[in-house]
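Please look over the sequence and the structure shown below before reading the briefing that follows. The points are grouped by topic, so that each can be checked against the coordinates on screen.

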Amino acid sequence: MEFQPSVAFVDDDDDLRNANRQTLELAGFTVTPFADALGALRFLTPDFAGVVVTDVRMPHMDGLELFRRLRALDPDLPVILITGHGDIDMAVAAMQEGAYDFIAKPYPADRLVQSIVRAAEKRRLIMENRRLRLALESSDETLPLIGQTPAMQHLRQMLRHVANADVDVLIAGETGTGKDVAAGLLHEWSRRKQGNFVALNCGALPETVIESELFGHEAGAFTGAQKRRVGRIEHASGGTLFLDEIESMPLSTQVKLLRVLETREITPLGTNEHRPVDLRVIAAAKVDLGSAQQRANFREDLFYRLNVVTVSIPPLRERKDDIPLLFTHFLQRAAVRFKTEPLHMTPSLRLRLMEHDWPGNVRELSHFAERVALGLGDMDTAQVSQPTNKSLPEAMEQHEARLIRDALSANHGDVRSTIEALGIARKTFYDKLQRHGIDRADYARSKPTVLL
């Protein structure tokens, strides 16, 4: 849901209500005026993306009662009370109950607008975090592949489409993109889900062990083989065999695996017996096996045999709009794991999350969320490690863009204040905005000059 800076203004004085409505509209807010509290209550809902401003002294239902009813409706809804001097003690008590602010009459327009600007920013953050939580709750069992970008929607559709096809699948993706998660979903969504899901990381085992792990062996097949061992392939019969980092598999093992894929039979070490197996093979690679240069020592015929269906998982840098949703999920999960208070994302942290390239992809993002949950990174100033393969000019350009964005955010997009903070000329400022692709309007939530 896109956030709109809205104000519900409640006052039984027609002249004051109309004057304040004009002031706030000049300040860029969408104003909905109400002559009494009951009218406001009928209009306001928990998803109201704005701020409530109400006079305290009104007939039928006063502003304090309205505040208490709104607090019961939505405890996070900012309510600003307008009071006379005699009502200040009551207003202070209301703030202790959770009112956002109170403004004593008579007040300058600037005081009202600034209070609403701050309250609206708080409401924007609340609504953004609610949106993220709702998106997480509405996600189906594909939580490990969270994402609302077209690329992730297409990926989930493709996985569901091929899950029951019972063909071998090659999953391609960089380190940390979630290839093992995709393989698990292909198994869970298939007719084989009652069978075993057997995983083997081909890069984690030495060449002397991997064949025994895959094909099994009979007792006495080699020194130390004291009893029969069922291999991973046979154990996966009736289910799914997942071979991760298959590009690391030794050539001698590749030859034997190719024969298994062609015949669906295995011959354990120490026997000449051929045993039929009923399995589906899902292989994953972090390099492009279709490229002769990246394939290196991987057999071309095995690549074509595995490449019946290829599923490509996009890196995080190509689906950056999913980062806030993913980060929120990992942050909530970490809070449960470490028994810490759940945190909310701040604008400055969101900016840093979107600027980083995330070479470690989802795995790196998950680890960063854990550090934040543990208090090892402040939510407002947390820095993610930047890739070291940038040249000095590129790094300086990135740093300059971050400084400009931080200044715009701190000054709510106000050009004059931002220029003064940066200490540069107006023309230079606009030139840099254009060069870095920064839209000032994204930060402009502050007031223009207002008149009463």
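Angles between axes under 35 degrees count as roughly parallel, those over 145 as roughly antiparallel, those from 65 to 115 as roughly perpendicular, and the rest as oblique. The model described here is a predicted one. With an angle of about 15° between them, helix 8 (residues 207–215) and helix 10 (residues 251–263) pack with their axes 10 Å apart, and the two helices are therefore roughly parallel to each other.

**Helix 8 against helix 10**

- The crossing of helix 8 and helix 10 is left-handed.
- On the side of helix 8 the contact is made by Glu-207, Ile-210, Glu-211, Leu-214 and Phe-215, and on the side of helix 10 by Ser-252, Thr-253, Lys-256, Leu-257 and Val-260.
- By residue class, this contact of helix 8 with helix 10 divides into 5 nonpolar, 2 polar and 3 charged residues.

**Helix 6 against helix 7**

- Helix 6 (residues 150–163) and helix 7 have axes that come within 8 Å and cross at roughly 40°, which makes helix 6 oblique to helix 7.
- The crossing of helix 6 and helix 7 is right-handed.
- Leu-159, Val-162 and Ala-163 in helix 6 meet Ala-182, Leu-185 and Leu-186 in helix 7, and the residues of this contact divide into 6 nonpolar, no polar and no charged.

**The sheet with the order 2-1-3-4-5**

- An open sheet of 5 strands, with parallel pairing, has the order 2-1-3-4-5.
- Strand 2 (30–34) and strand 5 (101–104) stand at the edges of this sheet, where each has a single partner strand, so one side of each is left without a neighbour in the sheet.
- Direction ignored, neighbouring strands of this sheet are turned by 20° against each other on average.
- Strand 1 (residues 6–10) and strand 3 (residues 50–55) run parallel and are joined by 5 bridges; the bridge partner of Phe-9 in strand 3 is Val-53.
- Helix 3 (residues 63–73) lies across strand 1, strand 3 and strand 4 (79–83), and runs at about 175° to strand 4.
- Helix 4 (residues 88–97) also packs on the sheet, where it touches strand 4 and strand 5, and the direction of helix 4 makes about 165° with that of strand 5.

**The sheet with the order 7-8-11-6-12**

- Another 5 strands form an open sheet in the order 7-8-11-6-12, and here the pairing is parallel.
- The edges are taken by strand 7 (197–201) and strand 12 (309–312), each with a single partner strand, so one side of each is left without a neighbour in the sheet.
- On average, and with direction ignored, neighbouring strands of this sheet are turned by 20° against each other.
- Strand 6 (residues 169–172) runs parallel to strand 11 (residues 280–285) and is joined to strand 11 by 4 bridges.
- Within that pairing, Val-169 has Ile-282 of strand 11 as its bridge partner, and Ala-172 has Ala-285 of strand 11.
- Helix 7 (residues 179–188) packs on this sheet and touches strand 6, strand 7, strand 8 (240–244) and strand 11, with a direction that makes about 150° with that of strand 6.
- Strand 6 also pairs with strand 12, in the parallel sense and over 4 bridges, and Ala-172 stands opposite Ser-312 in strand 12.

**Salt bridges**

- The structure holds 24 salt bridges, and one of them joins the side chains of Asp-55 and Lys-105, at 3.4 Å from N to O.
- Asp-55 lies in strand 3 and Lys-105 in the loop between strand 5 and helix 5 (109–138), so the pair ties together parts that are 50 residues apart in sequence.

**Backbone details in two loops**

- The peptide bond from Lys-105 to Pro-106 is cis, with omega near -10°, and Pro-106 has its place in the loop between strand 5 and helix 5.
- Glu-245 is a residue other than glycine with a positive phi, near 50°, and Glu-245 is placed in the loop between strand 8 and helix 10.

Key: Residues numbered from 1 in each chain as written. Predicted model: local features only at pLDDT ≥ 70, side-chain atom pairs only at ≥ 80, totals over all residues. Heavy atoms only, no water. Axes fitted to C-alpha atoms, helices over the stretch in contact; angles between N-to-C directions. Left-handed = near helix turned anticlockwise from the far one by under 90°. Contact = heavy atoms within 4.5 Å. Nonpolar A, V, L, I, M, F, W, Y, C, P; charged D, E, K, R; others polar. Pairing = 2+ DSSP bridges. Salt bridge = Lys/Arg side-chain N within 4 Å of Asp/Glu carboxyl O.
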